[in-house]
Amino acid sequence: MNYQRSSALFAEAEKVIPGGVNSPVRAFKAVGGTPIFVEKAKGAYLYDADGNKLIDYINSWGPMILGHAHEAVVNAVIEKAKKGTSFGMPTEIETKIAELAVSMVPNIDKIRFVNSGTEACMSAVRLARGYTGKDKIIKFAGCYHGHSDSFLIQAGSGAVTFGSPNSPGVTQGTAKDTLLATYNDLKNVAEVITANKDKISCIILEPVAGNMGCIPPSKGFLEGLRKLCDENNILLIFDEVMTGFRLAAGGAQELFGVKADIVTFGKVIGGGLPVGAFAAREEIMNRLAPVGPVYQAGTLSGNPLAMAAGLAILQELDSNREIFNSIAKKTEYLHKGLEAVLTSEGVKFTINRVGSMISVHFSDKPVTDFDSAAAANNESFKKFFHGMLKEGVYIAPSAFETWFICDALSYDDLDATISACGKVAKTLN
Ligand SMILES: *Cc1c(COP(=O)(O)O)cnc(C)c1O
């Protein structure tokens, strides 16, 4: 494939945008090479600036669960735009999408809309602190909750001590309130709680981790966290920015039958426009301004175009819940196919999958947390990524990302992907 025009566009972009991109993973740093510039997309396919057609396994990192440029979403946005694009005043459509979201997701009474997943998680933590009157939070190494200060923390000197900033600009003062724990390790979480008795406001996690590849919660992990939270007066926050409206209509809470106290959303809930949201039972949500004292606001929050796109996609999902099964079945088919060709070529790998989230790690050991994900062979991943790209298949440009399967993918697309993987596998040993 020819990437001349993409390369030229990237060179221009680098002059005026740091690294040429508005979000770092797009720059291909983890796999080498230069990023592909998109011209347009439809259904399961991307068309780049050089006219190449690619099967898309990223789907804008999740939002395009029905495929790109879905008619219902596009039409809803066009019709709304004709009536004005922002007012900074209440509109009826905000209530409509809120009613629908509250009806689809278990265990929430009220929801507030923001502009990104980052904002949703940042606000959820502030609400948890305001509600409990405690400062510290527990997060898990390898879980991503957006780029706000409290989350950009890496493990400190010992697992039970507080973390240290992993980006300049995050203060020690912020870092001391974020405690790091190991995903899928309840014993570790219990130790962190004991060492910080009565100081922890919330535990925040991805109920299925998707930002270190796809890592499912081990059996009993979510239930165990629920119990620890109940015993210690700690709120449990499910960051469902990835899993919400994807793993089931009610997200991970529904799939695993575990209740969270606060849930955050992003990605699918905006149908491809910039939307995030956080939700909880009434007594918690009523602590928010203007009813309660916990401040949170946004000039463009509940923006009519964003709400129109979000409402359109949620209506599609709500009225055809079979979609969740359909994409999970496609993902299982892909899993089996990839497994067969990688095995027959003697490649060492681990595939993790939950619903329509899947990832391939080049390691023959189970991948259950950040350390086991980091131990996989990144050189193989780089070769795999570029090999698949040459075959016309676009997967995440980092081994620490999940692939998202959309309903527009056909079984022919999946077969083409599996056969591309078979070819690429021959180059991996
Ligand atoms: C993408 C993501 C976020 C951040 O959302 P943005 O819209 O990029 O700010 C937060 N949490 C999880 C689990 C995510 O996958």
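Mentor: Between domain 1 and domain 2 about 2,300 Å² is buried, with 70% of that area from carbon and sulfur atoms. The model is predicted: local features need pLDDT of at least 70 and side-chain atom pairs pLDDT 80 or more, while totals for chains, interfaces and linings use all residues. Residues are numbered from 1 along each chain as its sequence is written, and side-chain values use heavy atoms, without hydrogens and water.

Trainee: What makes the 2,300 Å² a buried area?

Mentor: Buried area is the accessible area (1.4 Å probe) that two parts lose on being put together, summed over both; the value of about 2,300 Å² is therefore a total for domain 1 and domain 2. In domain 1, Phe 324, Val 354 and Met 357 lose the most, together 27% of what that side buries.

Trainee: Why are these parts called domain 1 and domain 2?

Mentor: The bounds come from an automatic or database domain assignment, which gives 4-69 + 322-425 as domain 1 and 71-319 as domain 2.

Trainee: How do you know which residues are in contact?

Mentor: Contact means heavy atoms within 4.5 Å; 30 residues of domain 1 are in contact with 32 residues of domain 2.
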